[in-house]
Amino acid sequence: MTASFDSIRDAVLHLPKGDQVRILTLVALDVADAHPGIDFQENVCGGAARIIRTRIPVWLLESLRRGGKTDAELLAAYPSLNAEDLANAWNYARSHREEMNREIAANGDES
């Protein structure tokens, strides 16, 4: 079953406030781990988190940063990236530190 945003909005607005809060909580928990500008596709970069519209995995950028590369150096090395892409990568890496450690170790990149 597919419903439109308008029909769902109208249905939610007619619910008791307690039910509205429960729905809002459910949606908030579902999107809490959303990271703008970061994409996952099983057939791209082995399914690892990557910068959207690229094949540049977040773990690679994080590894380079841990190795001392600055944002300016990364932007020069990867001209398809912009400052917002790096901000998105750092946000993702910060909230997924264990994943980054595993990915860096698995790929033998201890820069």
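1. Arginine 50 is found in strand S2; strands (E, at least two residues) and helices (H or I, at least four) are DSSP runs, numbered from the N terminus. This is a predicted model, in which local features need pLDDT of at least 70, side-chain atom pairs count only at pLDDT 80 or more, and totals for chains, interfaces and linings use all residues. Residues are numbered from 1 along each chain as its sequence is written, and side-chain values use heavy atoms, with hydrogens and water left out.

2. Is arginine 50 buried or exposed? Arginine 50 counts as buried because its relative accessibility is 5%; buried means under 20% relative accessible area, exposed over 50%, and partly exposed in between (1.4 Å probe, protein chains only).

3. The side chain of arginine 50 makes two polar contacts to note here: one of 2.8 Å with the side chain of aspartate 39, and one of 3.1 Å with the side chain of glutamine 41. A polar contact is a pair of N or O atoms within 3.5 Å; within protein, one must be able to donate a hydrogen and the other to accept it, and residues adjacent in sequence count only if both atoms are side-chain atoms.

4. With neighbours within four places in sequence left aside, the residues in contact with arginine 50 include Gly37, Ile38, Val44, Cys45, Ile56, Pro57 and Val58. Contact means heavy atoms within 4.5 Å.

5. Val58 is also one of the buried residues of H3, along with Trp59, Leu60, Leu61, Glu62, Ser63 and Leu64. Helix H3 (residues 58-66) is largely enclosed by the rest of the structure, because seven of its nine residues are buried. What do these buried residues pack against? Their partners are strands S1 (38-39) and S2 (50-51), and helices H4 (71-77), H5 (83-95) and H6 (97-106). Just after H3, glycine 68 has a positive phi of about 105°.

6. The chain has six helices and two strands, in the order α-α-β-β-α-α-α-α along the sequence. Its radius of gyration is 19 Å, whereas a compact globule of 111 residues would have one near 13 Å; the radius is taken over C-alpha atoms, and the globule rule is 2.2 Å times the number of residues to the power 0.38. Along the principal axes, the C-alpha atoms fill a box of roughly 55 × 25 × 25 Å.

7. Of the 111 residues, 29% count as buried. Among contacts with a separation of 6 or more, 50% are between residues 24 or more positions apart.
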